[in-house]
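Hello,

Here is the structure I said I would hand over. Please have it open while you read; my notes follow below.

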Amino acid sequence: MHRVVVLALDGVIPFELSLASRLFGVATDPDLQPLYEVITCSLDGRPVRTDADYSIAVEHDASVLATADTVVIPASENFGEIVDRDALPRRTAEALALIRPDARIVGICIATFVMAAAGLLDGKRAATHWYEAARFQRLYPEVELAPDVLFVDAGRILTSAGAASGIDLILHLIRRDHGSGIANQVARRCVVPPQREGGQAQYVERPVPPSFDAGTSATRAWALDRLHEPLQLTDLARHAGMSRRTFTRRFRAEVGLSPGQWLTQQRVDLARHLLESSDLPVSRIAERVGFGTDATLRQRLHAAIGVSPGAYRRTFRA
């Protein structure tokens, strides 16, 4: 079984600490057997102070990092110690040195500072919280920071932006390991959105949208049942009972994307599901999801995830 070890550092933020056990922990195969074993450690096996008004007792010390297939490092309020000295505390460096060369390492939010100070991100693309992006770039110019994305998958090394994007990153890993069906199952159990692509922009200082009596959620649900149809902005606005301009403004305020971008994302998601779960020809899938031709499907899928439909199907059906 794939072992996930969560390293809780002093000052750990409880929300980020809980993500791995909550998401990886509920992933099961069709026979309801767990797909991951999740354990938590501190540097010395002793209780860890959080940034809240309580501490957390753990069962393991850092030696278990040597047994991990995936290591998750949640954010800690004490990253300032690393920033001020531009170096890892000795015990933290010794713990990270225990990680196997083939193990995945996942940094959530400002844990990116820990990974960069350890040299794990040199020459790699990475994400961190937008609020700390400028400071990160000053400290670690050797890292290619993507300051406005939700997460970055650099293969063995993965990093996310703020707290909620840690959810997106872990669901992405589950999808990478076991396909969208399992990842969607986990998302449903945890009542979170099943997928936000890593390249989606962080919501940086976005004001809370005004409250509308008539939102666009009903129209989104209506559109999801009609992805095979050539839906136009006029069709969506008419269903919502709004002008095109008003609908576009409200849609973007609620979703963070334009109607066209959202429709493309939903069609790509459905195409991925059908590629994984059915034997339908690519041309038929293109029709089912509303892209019309297999050429358009190939173009959209490659733009979203960088692979062709055939390559994607071979990966997840293997």
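**Ile174 and the cores**

Ile174 is in contact (heavy atoms within 4.5 Å) with Leu23, Phe24, Ala27, Tyr36, Gly179, Ile182, Ala183 and Val186, leaving aside its neighbours within four places in sequence. This is a predicted model: local features need pLDDT of at least 70, side-chain atom pairs count only at pLDDT 80 or more, and totals for chains, interfaces and linings use all residues. Residues are numbered from 1 along each chain as its sequence is written, and side-chain values use heavy atoms, with hydrogens and water left out.

Ile174 belongs to the largest nonpolar core, which has 68 residues. A nonpolar core here is a set of buried Ala, Val, Leu, Ile, Met, Phe, Trp, Tyr and Cys residues joined through side-chain atoms within 4.5 Å. Buried means under 20% relative accessible area, exposed over 50%, and partly exposed in between, with a 1.4 Å probe and protein chains only. Phe24, Leu65 and Ile174 have the most contacts inside this core. Helix H6 (residues 163-178) gives the most to it, with six residues. Another core lies apart from it, with 13 residues, among them Ala237, Ala240, Val255 and Leu263.

**The chain overall**

There are 14 helices and ten strands. Both are DSSP runs numbered from the N terminus: helices are H or I with at least four residues, strands E with at least two. Of the 318 residues, 46% count as buried. Of the contacts with a separation of 6 or more, 63% are between residues 24 or more positions apart.

**The sheet**

Six strands make an open sheet in the order S2-S1-S5-S6-S10-S9, with mixed pairing. Two strands pair if DSSP finds at least two bridges between them. Strand S2 (36-41) and strand S9 (151-153) are the edges, each pairing on one side only. From one strand to the next, the twist averages 15 degrees.

The pairings I looked at:

- Strand S5 (residues 70-73) and strand S6 (residues 104-107) run parallel, joined by four bridges. Thr70 stands opposite Arg104 in S6.
- S6 and S10 run parallel, with three bridges. Ile105 has Ile157 in S10 as its bridge partner.
- S9 and S10 run antiparallel, also with three bridges. Phe151 has Ser160 in S10 as its bridge partner.

S9 and S10 form a hairpin with three residues between them. Gly155 in that turn has a positive phi of about 90 degrees. S10 is covered on both faces: Ile157 and Thr159 are buried on one side, Leu158 and Ser160 on the other.

H6 packs on this sheet. It touches S2, S6, S9 and strand S10 (157-160), and its direction makes about 145 degrees with that of S10. Axes are lines fitted to C-alpha atoms, for helices over the stretch in contact, and angles run from 0 to 180 degrees between N-to-C directions.

In helix H1 (residues 14-23), the buried residues are Pro14, Glu16, Leu17, Leu19, Ala20 and Leu23. Their cover includes strand S1 (2-7), S2, strand S4 (55-56), S5, H6 and helix H7 (180-190).

Ile13 lies in the loop between S1 and H1. Its C-alpha atom is separated by 5.5 Å from that of Asp51, 38 residues apart along the chain. Not counting residues up to four places away in sequence, Ile13 touches Asp51, Ala75, Ser76 and Glu77.

Most residues other than glycine have a negative phi. Two to check:

- Leu32 has phi near 65 degrees. It sits in the loop between H1 and S2. At 62% relative accessibility, Leu32 counts as exposed.
- Cys109 has phi of about 60 degrees. It sits in the loop between S6 and helix H4 (111-117). At 7% relative accessibility, Cys109 counts as buried.

**H11 against H13**

The axes of helix H11 (residues 259-277) and helix H13 (residues 294-305) come within 10 Å and cross at roughly 100 degrees. That makes H11 roughly perpendicular to H13 (65 to 115 degrees). From H11, Thr264, Val268, Ala271, Arg272 and Leu275 meet Leu297, Arg300, Leu301, Ala304 and Ile305 in H13. The residues of this contact divide into seven nonpolar, one polar and two charged. Ala, Val, Leu, Ile, Met, Phe, Trp, Tyr, Cys and Pro count as nonpolar, Asp, Glu, Lys and Arg as charged, and the others, Gly among them, as polar.

Best wishes

Methods:
Parallel < 35°, antiparallel > 145°, perpendicular 65-115°, else oblique.
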